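Subject: Structure handover

Hello,

Here is the structure for your files. Please open it alongside this note.

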Amino acid sequence: VNIVLDVSNEAAEKPSALTIPRGTKLTTTVGGLTYRFVTLESATAAKVTVGAVITYTYNDVEIAEGSYNSIKYRVDNDIAIQKHQVPHKNVDATTLRVRVQANEESSNYDVFIKFTTLLNVTDISKIYHLQENSNGFYELYMGDGVIGTKPANNNIVTLDYVYSHGKEANGASVFTMVDSIGGFSGITVTTVSNAAGGAEQETIESIRYNAP
């Protein structure tokens, strides 16, 4: 979507740039039902003044259907392979972001990426492993110091992600912003491309059929 924020009639101070954070909420209606969409990345726009009109424009903002959630856990290396279960089902794993920081007070963090191949992976590669457990939930674990770096004891791991309704919102074409941007609400959303690609989780029977 493209998002335009018009602050021409706002009395508050208008900064030189405004950012839409990851997880900002929009809504849409499909088949009479309302669905939530969220932004997948933060987006920043500069203030543009043309005469009396003051706007911030965000082009090609990628959004996905679902609810945004963020959780933290502390690294405990007394556990041989510490696994952390993501507490929602129907998680869109492509939206999962994993960050590691030294402690709760630290403002710096390292971004870890999902392990997909051993190629070029070393003992210091910042990777995480993702798998589905027997209860149907995703669970995540980090490297062991041989295949991927091993976070230090008491490091803080932050997971944020979107969990969705699968294919139910496919075709959505009109979106309305729910959240404000920097406290301003004069927002217009224009659709660049309709919602598509939502799918249901693969069933156990499908996995059994296709795995061989």
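This is a predicted model: local features need pLDDT of at least 70, side-chain atom pairs count only at pLDDT 80 or more; totals for chains, interfaces and linings use all residues.

Residues are numbered from 1 along each chain as its sequence is written, and side-chain values use heavy atoms, with hydrogens and water left out.

The largest nonpolar core holds 26 residues. Such a core is a set of buried Ala, Val, Leu, Ile, Met, Phe, Trp, Tyr and Cys residues joined through side-chain atoms within 4.5 Å. Buried means under 20% relative accessible area, exposed over 50%, partly exposed in between (1.4 Å probe, protein chains only). Ile3, Leu5, Phe37 and Tyr58 are among those with the most contacts inside this core. Strand S7 (53-58) gives the most to this core, three residues. Strands are DSSP runs of E, at least two residues, numbered from the N terminus.

A second, separate core has 17 residues, including Tyr73, Leu96, Leu130 and Leu140.

Phe37 is in contact (heavy atoms within 4.5 Å) with, among others, Leu26, Ile63 and Phe175, leaving aside neighbours within four places in sequence.

Now a loop. Ser42 sits between strand S4 (33-39) and strand S5 (43-46). Ser42 and Pro21 are 21 residues apart in sequence, yet 4.3 Å apart in space, C-alpha to C-alpha.

Last, Val48. Val48 belongs to strand S6 (residues 48-50). Val48 counts as partly exposed because its relative accessibility is 41%.

Best wishes

Technical notes
Helices (H or I, at least four residues) and strands (E, at least two) are DSSP runs, numbered from the N terminus.
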